[in-house]
Amino acid sequence: MQIDGVVSAGTGEELVDERDEMDYQGKLPRFDYAVKINGDSMEPQFHDQQVVLAQAATDADNGQIVIAYVDGRSYIKQLEKTDQHCRLVSLNAKYAPIDVSGNEDFAIKGVVIGTLNN
C-alpha cells in the first residue's frame, strides 16, 4: 500500500509530494489514498504517526473527519459548518479551531473512512 503524504494533527504540514510504501496484510476498506498523521490534535481518536484511509471528496457533512488544505498546509480535522461559519476543529481541546469561512485557500481533499492499526 502506498502512503500519499503527511497531514497535520496540529499546526499544519507543508504540502510535498512524499510517498512511502507499507506492507499490509489483511482486508482494507475501499479508499482513494492513505496519509500519515503528524501530531496529537486529533487525540484520542487518531494518533501521531497513525495512517488514515480517505476517500477523495471536495465537500463533506458537518461533523465528518476530513483531510483539508488551508493556506498551503494539510490537516486532518473535524469539519464544523453552519450557515454562518466553517471551521476545522481538533478533537484535542488544547488546540483552537481554524476558521476557514471565506478563505479562498481552503479546500477539502477527502473524508476519513478508516485507519490502519499500526
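Me: How many residues sit between strand 8 and strand 9 in their hairpin?
Reply: Four residues lie between strand 8 and strand 9 there. Strands here are DSSP runs (E, at least two residues), numbered from the N terminus. Heads up: this is a predicted model, where local features need pLDDT of at least 70, side-chain atom pairs count only at pLDDT 80 or more, and totals for chains, interfaces and linings use all residues. Residues are numbered from 1 along each chain as its sequence is written, and side-chain values use heavy atoms, with hydrogens and water left out.

Me: How many bridges join strand 8 to strand 9?
Reply: Four, with the two strands running antiparallel. Strand 9 covers residues 86–89. Two strands count as paired if DSSP finds at least two bridges between them.

Me: And what stands opposite Lys 81?
Reply: Cys 86 in strand 9.

Me: What about strand 7 and strand 8, parallel or antiparallel?
Reply: Antiparallel, over six bridges, with strand 8 spanning residues 73–81. Ile 65 has Gln 78 as its bridge partner in strand 8. That hairpin has two residues between the strands, and Asp 71 takes a positive phi near 50° in it.

Me: Which sense does strand 7 take with strand 11?
Reply: Antiparallel again, over five bridges. Val 70 is partnered by Phe 106 of strand 11.

Me: How many bridges join strand 6 to strand 11?
Reply: Five, also antiparallel, and strand 11 is residues 106–115. For Val 52, the bridge partner in strand 11 is Thr 115.

Me: Switching topic: how many residues are in the largest nonpolar core?
Reply: Twelve, among them Val 7, Met 42, Phe 46, Val 52, Ile 65 and Val 112. Strand 5 (33–38), strand 6 and strand 7 are the elements giving two or more residues to this core, and strand 5 has the largest share, three residues. A nonpolar core means a set of buried Ala, Val, Leu, Ile, Met, Phe, Trp, Tyr and Cys residues joined through side-chain atoms within 4.5 Å. Buried is under 20% relative accessible area, exposed is over 50%, and partly exposed is in between (1.4 Å probe, protein chains only).

Me: What's in the second core?
Reply: That separate core has eleven residues, including Ala 68, Leu 79, Cys 86 and Ile 108.

Me: Last one, Thr 58: buried or exposed?
Reply: Thr 58 counts as exposed because its relative accessible area is 74%. Thr 58 lies in the loop between strand 6 (51–56) and strand 7 (65–70). Its C-alpha is 6.9 Å from that of Ala 107, 49 residues apart along the chain.
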